[in-house]
Amino acid sequence: WLKLCKQDFESPSRVTETFSFLFLISVPMAEEAPSKSLVEGDQTSYGATEGTSKATGGWKWVMPWTWQWKLPSNPLSPTLLAEGLGTFCLVLVVGCAVTGPAPAPWAPTAIAALLMVMVYATGPISGGNLNPAVSLGLAISGKMPWLQMLKYWAAQLIGAFSAALAYRCICAPNYVMVAPILPFGAGSCFVAEFFYTFVLVFVVLNCAASKRTNPGSDPNQFYGLAIGFVIVAGGHAVGAVSGAALNPALALSLGNTSGKEIHWCWLWCVAELLGGASAAGVFRLLRREEFAEDATDETLQAHEPGLLVSSAAEFLGTFVLAFTVGMNLVSKSPSTAFSAAAALMCMVYSLGNISGAHLNPAVTLAVLLRGKCGRSKAACYVAAQLLGGLLAGLSVAAFQGVSANRRKSIQLTMGKHYGLWQASFAELFFTMILAYVVLTVATKEVPAEWKTKQNAYFGLAIGSCVTAGGFAAGSISGGELNPAVSLSIYMANVVNPGHLGIGPFVNLASFVFFELLGGALAAGLFRLTETGAGSAAKDDKVPVEEPKEVLDA
């Protein structure tokens with residue numbers, strides 16, 4: 001048609017033909033819409049109007065480029081599209097990050113960042129599952145209908161396989177193979193995938209699906225941050241064991257498109273689905289109040305978990321933290337502090353409104369001295385934390401026994417060229433910072449002038465203390481900042497001494513003592529700073545002298 005227009009201007013003899021063409025594509029325009037009877041389908045002639053409608057008989061030239069095209073309605077569900085899109089983006093980033101030239105230590109961070117933003121992006125649409133294990137956990141917990149879960153699975157798998165084909169085109173000839181990373185075997189990989197998928201789904205259920213954490217009128221805004229940073233914790237901890245897929249759609253798509261040892265991806269899938277189902281079971285045990293028939297937002301917010309449930313939460317959170325630290329040491333990860341901080345942050349967000357999520361005897365001591373925890377509860381918490389650290393150390397020793405570092409000693413000791421007193425004071429100082437931050441951000445009421453009663457930053461602040469202290473004091477003392485973690489490392493060394501044998505017990509005693517002392521000093525600093533803040537606030541209110549006549553009256 002454009003070619004015809006050009007010929008019209010070049011050949012005046014065809015101007016008449018062109019205007020005839022434009023006349024044929026023009027449409028009659030009325031000032032008012034057709035009558036209601038026509039819209040409802042009455043048997044009237046096309047274009048006829050009835051009643052008092054006033055139609056013009058004029059014509060308006062309409063050029064083709066001004067036509068208004070009406071797109072057909074979307075036949076697909078927006079929720080399924082969101083799930084497919086989010087899973088597509090996740091698998092594509094995993095494939096490119098793992099096979100690309102980017103530094104390997106940054107791959108878990110890149111994947112975690114993508115998962116976090118896609119959870120925030122698709123959460124309001126579909127819930128942001130992006131993982132069949134997550135959907136299974138939600139279905140078992142009664143948060144999702146089973147038929148909806150199957151639809152989500154289909155959308156997630158379609159998105160994952162599409163992304164796997166796309167990344168193979170982008171990154172060819174490189175590919176990702178889902179298989180054990182030698183010398184680890186099938187058993188180690190199964191446990192690694194099971195455990196950190198359990199952690200991922202547990203965090204999703206507690207931070208994004210819990211009614212107590214998300215009241216109807218005031219949901220939290222930290223859920224995406226907590227979910228994404230599970231990948232930082234698990235990626236650095238067991239990335240050198242199984243690859244840390246933690247997602248059946250990811251494992252199946254990358255494994256089947258690699259063309260190498262594709263049978264392993266099915267083992268990964270089974271472990272991850274079992275992890276998701278187990279997380280749903282533990283969620284029900286720790287939050288039984290949410291499954292009561294008469295549960296309301298008011299009753300859930302007023303609920304106080306029992307001592308047994310709170311102690312179990314402390315045990316679980318401390319085990320996850322200590323196990324993450326130990327597995328980073330076994331795999332010689334350069335990001336141990338970052339991975340441990342991510343694990344701590346996720347557990348603090350997940351368990352904060354169950355037990356307070358101390359996960360550290362030094363923090364429990366600080367909270368006790370702060371007056372926010374009774375003696376009997378503090379004693380139970382410390383016992384649960386030490387038991388969690390002890391079992392985590394035994395589990396780490398089992399992994400080290402089949403690793404490439406099984407003959408090496410992972411001792412609780414000071415860094416090279418540093419003395420015990422230097423390492424002990426480093427532990428004291430950074431544990432004091434950690435405990436002080438806990439007291440200031442997690443034990444005070446939310447300001448009354450806030451529009452929300454949700455504290456969105458407390459977990460990030462607490463976890464960041466471990467990032468700071470771990471990297472700052474890591475070369476001096478190891479940066480444990482936690483008596484339970486120190487016990488975990490020592491017990492792993494007792495079970496697997498390595499070529500250097502068991503480290504001195506005095507190191508454990510000194511570290512634990514100074515870490516507890518750091519917690520006590522933090523409570524003292526909190527009292528001083530809070531008293532000073534209160535005095536300053538009172539001093540700011542200068543009394544105004546009353547007028548004389550008022551005083552006389």
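# A quick tour of the chain

Ala244 sits in the loop between helix α9 (223-238) and helix α10 (248-258). You're looking at a predicted model, where local features need pLDDT of at least 70 and side-chain atom pairs count only at pLDDT 80 or more, while totals for chains, interfaces and linings use all residues. Numbering starts from 1 along each chain as its sequence is written, and side-chain values use heavy atoms, with hydrogens and water left out.

**The whole chain**

- The protein chain has 21 helices and two strands; these are DSSP runs numbered from the N terminus (helices: H or I, at least four residues; strands: E, at least two).
- Of the 553 residues in the protein chain, 48% are buried (under 20% relative accessible area; exposed is over 50%, partly exposed is in between; 1.4 Å probe, protein chains only).
- Take the contacts (heavy atoms within 4.5 Å) in the protein chain between residues at least 6 apart in sequence: 79% of them join residues at least 24 apart.

**Two helices side by side**

- Helix α13 (residues 307-330) and helix α14 (residues 336-355) have axes that come within 9 Å and cross at roughly 170°. Axes are lines fitted to C-alpha atoms, for helices over the stretch in contact, with angles from 0 to 180 degrees between N-to-C directions.
- That crossing makes α13 roughly antiparallel to α14 (over 145 degrees; under 35 is roughly parallel, 65 to 115 roughly perpendicular, the rest oblique).
- On the α13 side, the residues that meet α14 include Val309, Ala313, Glu314, Gly317, Leu321 and Leu329. Their partners in α14 include Thr336, Ala340, Leu344, Met347 and Ile354.
- The residues of this α13 and α14 contact divide into twelve nonpolar, seven polar and one charged. Here Ala, Val, Leu, Ile, Met, Phe, Trp, Tyr, Cys and Pro count as nonpolar, Asp, Glu, Lys and Arg as charged, and the others, Gly among them, as polar.

**The largest pocket**

- The largest pocket holds about 1300 Å³ of space. On a 1 Å grid over the protein atoms alone, a pocket is an open set of points with protein on both sides within 12 Å along at least five of seven lines, a cavity is a set where a 1.4 Å probe fits but cannot get out, and lining residues have an atom within 4 Å of a point. Grid points are joined across faces, edges and corners, and volume is the space filled by probe spheres set on the points.
- There are 36 residues lining the largest pocket, and the closest to its centre are Arg212, Gly352, Asn353, Gly356 and Ala442.
- Two or more lining residues come from each of α14, α15 (361-370), α16 (375-400), α17 (420-442) and α18 (458-473).
- With five residues, α14 gives the most to this lining.
- Sorted by class, the lining of the largest pocket has 16 nonpolar, twelve polar and eight charged residues.

**The cavity**

- The count comes to one cavity of 30 Å³ or more, and the largest cavity has a volume of about 60 Å³.
- Lining the largest cavity are Gly326, Leu329, Val330, Val396, Gln400, Ile410, Ser488, Ile489 and Ala492.
- The elements giving two or more residues to this lining are α13, α16 and α19 (483-495).
- This lining splits into six nonpolar, three polar and no charged residues.

**Two buried asparagines**

- Asn482 is in the loop between α18 and α19, and it counts as buried because its relative accessibility is 2%.
- Skip its neighbours within four places in sequence, and Asn482 is in contact with Leu321, Leu359, Asn360, Pro361 and Glu515.
- Asn507 is in helix α20 (residues 505-540), and it counts as buried because its relative accessibility is 4%.
- Not counting residues up to four places away in sequence, Asn507 touches Leu412, Thr413, Met414 and Leu420.
- Asn507 and Leu412 are 95 residues apart in sequence, yet 6.7 Å apart in space, C-alpha to C-alpha.

- Most residues other than glycine have a negative phi, and most peptide bonds are trans.
- Back to Ala244: its phi is near 55°, a positive value in a residue other than glycine. Ala244 counts as buried, at 13% relative accessibility.
- Leu130 isn't a glycine either, but has a positive phi of about 60°. Leu130 is in the loop between α5 (107-126) and α6 (132-140) and is buried, with a relative accessible area of 0%.
- Ala172 and Pro173 are joined by a cis peptide bond, with omega about 5°; Pro173 lies in the loop between α7 (146-171) and α8 (186-209).
- Leu182 and Pro183 are joined by a cis peptide bond too, with omega about 10°, and Pro183 is found in the loop between α7 and α8.
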